[in-house]
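This report looks at a ligand site, at strand pairing and at salt bridges. Please keep the sequence and the structure in view while reading.

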Amino acid sequence: MGKSKVLVVGATGYIGRRIVKASLAQGHTTYVLQRPEIGLDIEKLQMLLSFKKEGAILVEGSFSDHKGLVDAVKKVDVVICTMSGVHFRSHNILLQLKLVEAIKEAGNVKRFLPSEFGMDPSRMEHALEPGNETFDQKMVIRRAIEDANVPFTYVIANCFGGYFAGNLSQFATLVPPRVKVTLYGDGNVKAIFMDEDDVATYTIKTIDDPRTLNKTLYVAPPENILSQRQLVEKWEKLIGRQLEKTSISGQDILAMLKGTDDIGAKAGLGHFYHIFYEGCLTNFDIKEEGHEEASKLYPDVNYTRMEQYLKIYV
Ligand SMILES: NC(=O)c1ccc[n+]([C@@H]2O[C@H](COP(=O)([O-])OP(=O)(O)OC[C@H]3O[C@@H](n4cnc5c(N)ncnc54)[C@H](OP(=O)(O)O)[C@@H]3O)[C@@H](O)[C@H]2O)c1
């Protein structure tokens with residue numbers, strides 16, 4: 001069996017661009033959806049052209065043109081969607097319903113990976129408002145996929161390092177503190193931190209793997225399952241200095257959530273609460289739930305450990 005041909009939708013995005021790179025690196029014929037709506041966005045166009053330079057094939061298509069989408073989907077075996085989630089940058093994840101329709105009509109797709117790449121929405125029914133919206137919408141897409149009998153894999157990527165590790169999981173900054181750090185509670189709840197390029201590598205590894213057909217792939221390599229305190233210790237070692245530590249309680253986080261009108265901040269605080277107080281990324285057994293873990297399936301991937309990831313910030 002040859003390598004599957006891949007279409008990436010949402011390719012110029014934060015995770016999408018890495019998935020295009022990984023797909024090309026692993027030798028897949030890689031198509032990238034070029035939406036006419038990007039108009040005069042020169043940065044996006046330049047990025048698309050850079051994909052083309054690296055060997056990707058640009059294919060025009062719009063979410064407002066069903067036939068065009070079907071034609072694009074017909075060219076490939078695997079579709080990976082990496083569209084934005086709600087609140088943080090945009091509100092488009094439900095547009096994927098149109099993609100599911102196109103995949104259903106085209107009838108040739110062997111695997112669809114919808115835009116997931118975060119926490120497992122099927123475990124977040126209890127999530128706080130308004131952050132729950134992203135999980136609810138991802139579940140709407142899952143139901144549409146399963147109702148249409150489209151073969152799928154859901155990739156749970158846990159915490160992207162750029163958002164959660166580089167800043168030692170501090171709010172409102174993307175760089176690590178050098179003097180003081182705030183710990184969530186005792187700082188001992190385990191989370192999972194990932195290099196985004198590794199998420200893309202595992203994502204492409206899985207598309208032709210029968211073991212992950214109609215399953216959830218959790219990207220949770222053992223050495224990257226760390227408490228916030230352990231992450232801070234790695235940073236302290238790199239800079240050769242101890243940070244002053246203060247702690248914030250779960251109740252304080254909930255009060256902050258209530259006290260702000262900024263929807264993005266509210267959603268973010270809710271997600272932090274679930275991750276760093278409830279331990280929602282690590283409080284279950286992947287195998288017992290009948291799913292797969294990426295580093296176990298693909299031991300040949302030498303995933304980036306967080307001491308390595310943090311080095312660039314020194
Ligand atoms: N685990 C984590 O820590 C973490 C962090 C952030 C995001 N995520 C998840 O990762 C996934 C992708 O998020 P991201 O941050 O990579 O997304 P992003 O960079 O905000 O956007 C991805 C792409 O969505 C497409 N898009 C935006 N508006 C659109 C519209 N109106 N119509 C059609 N396409 C549109 C664009 O693609 P084109 O212009 O190229 O077509 C854009 O580049 C989401 O499911 C999100 O929840 C996880």
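## The shell around the ligand

Strand E7 (159-160) and helix H6 (161-164) each supply at least two residues of the shell around the ligand in this predicted model. The ligand is surrounded by 28 residues, and the closest are Thr12, Arg35, Asn92, Ser115 and Asn158. Sorted by class, the shell has 12 nonpolar, 11 polar and 5 charged residues.

Backbone atoms also come into this picture. A backbone N or O atom of Asn158 is 2.5 Å from a nitrogen atom of the ligand. A polar backbone atom of Phe160 lies 2.9 Å from an oxygen atom of the ligand, and for a polar backbone atom of Glu116 the distance to a ligand oxygen is 3.1 Å. On its own the ligand has 910 Å² of accessible area, and the protein covers 85% of it.

## Paired strands

Strand E10 (residues 215-218) pairs with strand E6 (residues 153-156) through 4 bridges, and the two run parallel. Within this pair, Lys215 in E10 is the bridge partner of Thr153.

E10 also pairs with strand E13 (residues 292-293), again in the parallel sense, over 2 bridges. Here Leu217 stands opposite Glu292 in E13.

## Salt bridges

Side chains of opposite charge can pair when their charged atoms come close. The count of salt bridges in the model is 14. One of them joins Asp77 and Lys110, with the closest N and O atoms 3.2 Å apart. The two residues are 33 residues apart: Asp77 is in the loop between helix H3 (66-74) and strand E4 (78-81), and Lys110 is in the loop between helix H4 (96-106) and strand E5 (111-113). Lys110, at 49%, is partly exposed.

Arg305 and Glu223 form another salt bridge, at 3.3 Å from N to O. Arg305 is in the loop between helix H11 (294-297) and helix H12 (306-311), while Glu223 is in the loop between E10 and strand E11 (225-227), 82 residues apart. Arg305 is partly exposed, with a relative accessible area of 22%, and Glu223 is partly exposed at 46%.

Lys234 and Glu307 also meet in a salt bridge, at 3.3 Å from N to O. Lys234 lies in helix H8 (residues 228-239) and Glu307 in helix H12, so this pair ties together parts 73 residues apart in sequence. Salt bridges that share partners also join Arg18, Lys21 and Asp197 into one network.

How values were computed
Residues numbered from 1 in each chain as written. Predicted model: local features only at pLDDT ≥ 70, side-chain atom pairs only at ≥ 80, totals over all residues. Heavy atoms only, no water. Near = heavy atom within 4 Å. Polar contact = N/O pair within 3.5 Å; in protein donor to acceptor, adjacent residues only side chain to side chain. Areas by Shrake-Rupley, 256 points an atom, 1.4 Å probe, with all protein chains shown as cover. Nonpolar A, V, L, I, M, F, W, Y, C, P; charged D, E, K, R; others polar. Pairing = 2+ DSSP bridges. Salt bridge = Lys/Arg side-chain N within 4 Å of Asp/Glu carboxyl O. Buried < 20%, exposed > 50% of the residue type's maximum accessible area, 1.4 Å probe, protein only.
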